[in-house]
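Let me put the model up on the screen and then talk you through it.

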Amino acid sequence: MKAVLVKPLELIGRALPTTYLRIAAGIVAFMLLVGALGSLIAPYDALAQDSAHTFAGPSWSHLMGTDFLGRDTLSRLIVGARPSLFSAVVAVVIGLVGGAIPGMASVLFSRRVEFVVMRFVDALMTIPPIVFAIAIVAGFGNGLPEAVVAIGVLMIPRFFRVVRAETLKHASAQYVEAATLFGASKPYVLRRHVWRKAVPTLGVVSASALGYAVLGISGLAFLGLGEIAPQPSWGSMLSDDLTYLYQAPWAAMWPGVAISLTVWALNALSDAAHTGLVREAEVPVGTESEAPETQDVGSVEPALQYV
Amino acid sequence: MRKPWKAVSALVALLVSLGVGVGASAGSRAGSGGVLNWGATILPTTWDPVTSSAGNDGVALNLVYAGLTGLDAKGNAVPALATSWKFLNGGKVIEFTLRKGVKFTDGAPFNADAVKANVLRGQQDTSLIAPQLNTIKSTTIVNPYVIKFNLTGQDYGLPLRLAGKTGMMVSPKAIAATPNGLTQPDGAGPFKLTNYVSGSSATLVKNPGYWDAKDIHLNGVDILQITDPQTLLAALQSGQVDVAMIPGAIANTAKSDGFTVKVVPSLSVASIEVNAAMAPFTDPKIVQAINFALDRKALQQTAYAGIGAVDDEPFPQGYIGYSKAVSNYYTYDPAKAKQILASDPNATNISFPITYFPLPPYDAVAQQIQGELAAVGIKTTLQVLPLSQASQAVYVDHDVAFNPNGIVGRESPLQMLQIQYASDGLLNPCRCAQADLTKAFAAVAQIPTDSSSYAAALQNVTELAVKESANIMLFTEPRIYAYNAAKVKGWPADLIVPRLEGVTLSS
Amino acid sequence: MALAVAINPKRISATLRWAGAEFLRFVPVALISTLITFGVTALAPDDTAAQLAGDTGTLQEIANLNHAFGFDQPWPQRYVTWLWHALHGDLGVSYFTQIPVTTSIAQRFPVDLSIAIFALVIAIVLGFGGGLLAASRPNGVVDRAITALGSLALAIPEFWLAILLVIVFAVKVRLFPATGYVATSQGLGQWARHMILPSLTLATPVAAVIARQLRISMLTELDENYVTGALVRGYSRRRILFKHVLRNGAAPAVATVGLYTPSLLGGAVIAERIFALPGIGALAIDAAQAHDIPVIQGVLLVTIAVVLVSNLTVDALLGWLRPGVKRS
């Protein structure tokens with residue numbers, strides 16, 4: 001497994017010559033660390049109310065002020081990192097597993113099966129994730145798992161298409177042809193040779209997908225889907241701040257900055273890795289494939305903040 | 001794509017011209033009176049008085065329906081669709097003389113037959129106003145404009161109740177045509193509903209056939225359901241609404257913006273509907289402890305920005321039903337709460353769900369209550385209940401144990417108490433009441449409302465209710481209106497529902 | 001001249017073939033999306049009948065309700081019935097309010113649609129404009145400014161940008177209404193004023209992506225031989241840019257537009273909450289919490305339909321722009 005990790009790390013290392021990108025990587029690492037440590041490093045209990053000190057501005061005792069119930073904003077931001085980030089990670093894993101494996105296997109399909117699978121993936125792409133998440137909540141109840149599954153499932157197409165494109169590209173390489181001539185079965189060839197070539201691109205897509213997922217989970221939390229009060233999450237904090245706009249106009253800054261920084265950092269890393277791969281691969285631009293937006297290696301959409 | 005710049009600049013020009021364009025005014029109702037644009041969350045859950053479970057519905061329903069009686073500023077019953085009434089047979093019969101020449105908006109005439117049809121409809125099993133009409137044994141039509149209600153016993157509060165939903169007259173033609181429920185309101189009220197987008201807006205036009213049409217100076221009313229405070233303020237600013245019912249949080253902002261902010265006392269009180277038939281509230285000591293654990297002032301600050309008053313009974317101070325004996329009966333005393341819990345053997349490991357509505361201020365208040373209860377050792381979880389299902393779950397299915405809510409005053413204080421605390425009270429989640437409370441209710445019903453002993457008897461009920469019932473009252477919810485005083489004149493200060501007679505718009 | 005080209009028999013048969021291929025792609029996709037919609041909503045654990053029967057409901061009453069709603073039929077049958085009705089415009093009735101779903105959606109969907117379309121227009125104008133400007137003088141001041149602006153636009157979450165805009169325009173600078181919605185019947189000008197902020201918020205990131213996409217593909221095109229040849233032959237830069245390079249390079253940007261239509265619709269739902277617009281988002285979220293399945297199904301169906309239509313349009317445009325490209 002280490003072999004699988006080395007290539008993307010090398011690429012990132014080589015593509016991170018600038019401070020700009022190192023800052024981005026640092027931010028991601030920092031956010032993940034905060035998420036992991038959670039309440040251990042929060043100065044106050046994220047749920048502790050203090051009705052005498054509501055809507056306090058930043059001060060030495062409350063670095064980011066307090067919210068409408070007098071709870072410390074900084075602590076809530078810290079504790080809220082985990083549901084905002086780690087659930088995004090789970091969603092990406094769902095998308096990856098659900099998309100990458102069928103994507104690679106799709107080259108083995110008969111034309112009929114391939115057609116149906118491709119149409120299924122197309123169908124997944126026509127459903128707006130938010131509306132889909134609302135539907136899942138309608139059917140299965142409101143909770144973080146439901147929101148995560150909704151976002152994760154709708155990320156399957158991007159992983160599927162990228163992995164499929166990569167597989168197609170590498171599957172026609174000469175050494176693969178040679179292996180098949182020697183009697184290796186197609187699945188074996190895929191596992192042994194093609195998979196390793198596809199992993200770097202997967203890394204790139206995962207990074208941008210992670211940014212997308214963070215935005216998606218936060219967006220859903222903002223709408224009240226996926227997180228149960230009174231547990232804080234960045235999206236729900238943003239929603240509360242909106243309600244109390246007149247009492248504390250600038251309170252919305254904090255969760256907003258947290259989300260923006262994380263997404264920007266993930267985008268920057270994904271872009272950098274992508275650039276690194278392009279330089280590596282020297283694939284002619286404008287390769288024909290199904291997705292016209294695929295101009296070069298892998299289809300990397302920037303983590304657009306829509307869900 | 002020959003000359004894209006041309007197309008682009010044309011498009012930009014179009015967008016710009018739209019942007020600076022002044023919107024045409026909404027004027028489908030011509031005339032000198034003008035159309036009042038009212039921004040408020042008053043759209044009813046239903047336009048049918050018989051299926052309306054939310055007290056707040058009364059505001060909108062009063063715009064399209066007229067009642068048999070009305071209320072004056074002091075809360076006494078005055079003529080409306082009935083011009084006079086008298087009690088006969090020692091109070092066991094009440095005879096109404098009806099107004100002549102009134103027609104419903106669908107053309108049906110108002111007469112004794114219409115009243116009878118409405119009473120029968122109101123008394124059906126599925127009707128939510130049935131408990132308010134249960135003293136009417138039968139009706140006798142003396143002539144087309146005189147009708148007698150034969151009562152099961154003395155019920156002097158009946159004329160008061162008939163000023164509200166209980167006495168709203170629906171067109172008998174509409175009743176006959178839609179036995180499964182009204183599809184639109186055909187009443188004889190000040191306005192007629194011409195368009196309705198559920199949860200969003202209602203368009204009303206003046207009803208020239210209203211019996212008091214001469215006092216209605218508006219040509220129509222547009223109700224815009226705007227829940228978002230920013231939008232309300234912006235709508236006021238831009239003139240999209242002339243009057244807005246605003247939450248306490250933006251009262252100061254509205255004032256500094258130059259609007260007149262009028263705080264009108266109302267009979268609405270924020271409350272917690274507690275179901276005494278569900279654990280752990282079967283133990284009255286626990287309810288007591290909770291009453292002392294709650295910091296009503298802090299809750300009021302969150303929900304109403306401090307406007308109004310803390311209140312542990314269902315009436316505002318100064319109202320006839322307000323009992324001085326229990327004013328400040330429950331103070332904020334967490335130590336006392338802990339003491340009560342410690343001495344109660346049943347009070348170990350209490351845990352229950354706080355069922356709240358996912359909109360402000362209920363979501364904030366629910367979290368705050370959770371914190372305050374946690375401070376005395378009561379664990380709670382938070383559960384969402386969509387507003388659309390609230391009435392069904394709390395008052396019909398009796399499924400909900402603890403629900404931050406609010407009560408909205410009724411025309412008759414006794415009716416208010418009955419609805420909330422009586423053993424058959426519509427808004428009594430457990431439909432249970434202790435024996436002495438039930439006796440006290442019976443006693444008041446036998447006293448004429450203008451008698452000198454009425455007030456004391458009423459207040460006795462309030463006192464017992466506050467001490468014994470599981471329903472918890474928190475703070476009063478006055479209505480806060482913001483408007484441009486140069487444009488809107490004569491805005492009412494009515495206690496129960498704002499009546500638009502006398503309101504004028506100047507341009 | 002164009003007409004003569006249009007009625008060329010070869011062109012017609014090419015168009016027919018394209019239409020046939022499109023049909024072959026789209027019908028299965030549409031069917032599968034509706035199947036997913038139905039599956040997610042109708043097959044979930046559902047106790048609507050028990051809820052409606054209430055506290056006093058007997059098992060028989062619940063069974064009767066189940067039959068009335070059709071819950072006891074096998075699911076393929078339910079799916080087909082539902083789809084059949086939907087195609088005829090009947091999306092059923094809300095379990096709780098008895099209001100026909102089609103009515104509720106028709107009252108609210110125009111709001112989201114207006115925002116999405118308005119946003120699309122702004123995004124196309126800004127995106128194509130920006131991309132063109134950037135590509136016309138690569139690495140110049142304008143180009144670098146636009147690229148930087150684009151990156152910024154992509155980094156800020158749209159709902160945070162929206163909240164910032166609301167703070168500024170609702171609390172601080174009261175230039176025009178920050179929130180709320182006015183129907184077009186009350187004046188196009190008023191309607192547009194209320195639309196500006198929500199549409200701008202949604203459009204900004206899409207515009208950035210389009211601009212970036214267009215710039216890249218146009219720069220690629222500019223490297224092609226035919227451009228050098230045209231320059232040598234003395235054609236003006238402007239003519240080359242618009243007549244040839246844009247047409248050849250626009251395809252990926254156009255495809256991007258199509259790709260982000262679902263996002264625009266979904267983004268409209270969030271914008272609704274921030275800008276207090278009475279759209280289907282509010283309807284859908286309420287319905288979700290109440291498990292009001294017909295409403296949810298209706299909302300999903302309508303959204304998917306819009307996305308499919310937009311995809312079809314984009315495909316047609318792409319086919320016109322790059323007739324030689326085969327799609328698998």
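Predicted model: local features only at pLDDT ≥ 70, side-chain atom pairs only at ≥ 80, totals over all residues.

Along the principal axes, the C-alpha trace of chain B spans about 85 × 65 × 40 Å. Inside that we've got 15 helices and 20 strands, and 52% of the 507 residues of chain B count as buried. If you take the contacts in chain B with a separation of 6 or more, 68% of them come from residues 24 or more positions apart.

Now, where the chains meet. Here 13 residues of chain A are in contact with 19 residues of chain B. On the chain B side, α6 (229-238), α9 (296-304), α11 (362-374) and β15 (379-384) each put in at least two residues. Which element gives the largest share? That's α11(B), with six residues. By class, that side of chain B has nine nonpolar, eight polar and two charged residues.

Helix α3 (residues 73-105) and helix α6 (residues 144-153) of chain A pack with their axes 8 Å apart, at an angle of about 45 degrees, so α3(A) is oblique to α6(A). The crossing is right-handed. On α3(A), the contact residues include Ser87(A), Val90(A) and Gly95(A); on α6(A), Val148(A) and Gly152(A) are among them. Sorted by class, the residues of this contact are nine nonpolar, four polar and no charged.

Terms used. Residues numbered from 1 in each chain as written. Chains lettered and ligands numbered in written order. Contact = placed C-beta atoms within 7 Å. Helix = DSSP H or I, 4+ residues; strand = E, 2+ residues; numbered from the N terminus. Nonpolar A, V, L, I, M, F, W, Y, C, P; charged D, E, K, R; others polar. Buried ≥ 20, exposed ≤ 12 C-beta atoms within 10 Å, placed from the backbone. Axes fitted to C-alpha atoms, helices over the stretch in contact; angles between N-to-C directions. Parallel < 35°, antiparallel > 145°, perpendicular 65-115°, else oblique. Left-handed = near helix turned anticlockwise from the far one by under 90°.
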